[in-house]
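The sequence and the structure are shown below.

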Amino acid sequence: MINRVEILPAYRRMGLGLATVWNIIRRHSAGCGIVALKAFPFQFRNGGWSGSLSDLDESDWNTKMEYDPYSYTVEFAHEKLTFHLMKLGFERIGDTGVVALVTSKQNPIPQEIHRWVPRSALPKTEKL
């Protein structure tokens, strides 16, 4: 079970979050027929942190992550996360907010994460 994936601001917009989800699924889906998740934009969470942040308390962490809960609505941020997950082959399950991926299908590897994916996993290009 993955609790969350957070990317520091300096490393955002590089496909790292999507590549991380792809890699986790690839490594740990053996024997699983389906991967399901409910993406939730972390800047809108309620309550405190459930793990250890070493020397950072929650407000310091939020500052470091540059979370701005006022930049988007929860619904918009959730749709944005879902949009990116669908690039991996996830499909919506009704209007529950849950998306699922059938692991037995040949799911796409989005172009934006090719630099993070081993060459052996990338589709072979045909030479004419």
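## Overall architecture

The secondary structure of this predicted model comprises 3 helices and 3 strands. Along the sequence these elements follow the order α-β-α-α-β-β.

The protein has 128 residues, of which 27% count as buried. Among contacts between residues at least 6 apart in sequence, 67% join residues at least 24 apart.

## Salt bridges

The count of salt bridges in the model is 2. One of them pairs Arg-92 with Glu-79, with the closest N and O atoms 2.7 Å apart. This pair links distant parts of the chain, since Arg-92 belongs to strand E2 (residues 91-92) and Glu-79 to helix H3 (residues 74-86), 13 residues apart. Arg-92 has a relative accessibility of 42% and therefore counts as partly exposed. Glu-79 is likewise classed as partly exposed, because its relative accessibility is 37%.

Glu-112 forms a salt bridge with Lys-87, and here the closest N and O atoms lie 3.0 Å apart. Distant parts of the chain are again linked: Glu-112 is in the segment after strand E3 (99-102), whereas Lys-87 is in the loop between H3 and E2, 25 residues apart. Glu-112 counts as partly exposed at 34% relative accessibility. Lys-87 has a value of 23%, which also makes this residue partly exposed; the class begins where the buried class, under 20%, ends.

Thr-82 is located in helix H3. Its relative accessible area is 2%, so Thr-82 is buried. Leaving aside residues up to four places away in sequence, Thr-82 touches Arg-92 and Val-99. Arg-92 is thus a contact of Thr-82 as well as the salt-bridge partner of Glu-79, and both Thr-82 and Glu-79 are in helix H3.

## The second largest pocket

The second largest pocket holds about 380 Å³ of space. It is lined by 15 residues, and those closest to its centre are Trp-22, Arg-26, Lys-105, Asn-107 and Ile-109. Helix H1 (residues 16-28) gives the most to this lining, with 3 residues. By residue class, the lining divides into 9 nonpolar, 4 polar and 2 charged residues.

Asn-107, one of the residues closest to the pocket centre, is placed in the segment after E3. The C-alpha atoms of Asn-107 and Trp-22 are separated by 9.9 Å, although the two residues are 85 positions apart along the chain. Not counting residues up to four places away in sequence, Asn-107 touches Leu-88, Gly-89, Leu-101 and Val-102.

Trp-116 is found in the segment after E3. With a relative accessible area of 36%, Trp-116 is partly exposed. Beyond residues up to four places away in sequence, its contacts are Met-14, Gly-15, Leu-16 and Ala-19. Trp-116 and Trp-22 are 94 residues apart in sequence, yet their C-alpha atoms are 9.9 Å apart in space.

Asn-23 is part of helix H1. Its relative accessible area is 24%, and Asn-23 is therefore partly exposed. Between the C-alpha atoms of Asn-23 and Pro-118 the separation is 9.9 Å, while 95 residues separate the two along the chain.

Most residues other than glycine have a negative phi. Arg-13 has a positive phi of about 65 degrees although it is not a glycine. This arginine is located in the segment before H1. Which accessibility class does Arg-13 fall into: buried, partly exposed or exposed? Arg-13 counts as exposed because its relative accessibility is 78%, and the exposed class requires a value over 50%.

## Summary

The 2 salt bridges join Arg-92 to Glu-79 and Glu-112 to Lys-87. Thr-82 is buried, whereas Arg-13 is exposed. Trp-22 and Asn-107 are among the residues closest to the centre of the second largest pocket, and their C-alpha atoms are separated by 9.9 Å.

Notes. Residues are numbered from 1 along each chain as its sequence is written. This is a predicted model: local features need pLDDT of at least 70, side-chain atom pairs count only at pLDDT 80 or more; totals for chains, interfaces and linings use all residues. Side-chain values use heavy atoms; hydrogens and water are left out. A salt bridge is a side-chain nitrogen of Lys or Arg within 4 Å of a carboxyl oxygen of Asp or Glu. Helices (H or I, at least four residues) and strands (E, at least two) are DSSP runs, numbered from the N terminus. Buried means under 20% relative accessible area, exposed over 50%, partly exposed in between (1.4 Å probe, protein chains only). On a 1 Å grid over the protein atoms alone, a cavity is a set of points where a 1.4 Å probe fits but cannot get out, and a pocket is an open set with protein on both sides within 12 Å along at least five of seven lines; lining residues have an atom within 4 Å of a point. Grid points are joined across faces, edges and corners, and a volume is the space filled by probe spheres set on the points. Ala, Val, Leu, Ile, Met, Phe, Trp, Tyr, Cys and Pro count as nonpolar, Asp, Glu, Lys and Arg as charged, and the others, Gly among them, as polar. Contact means heavy atoms within 4.5 Å.
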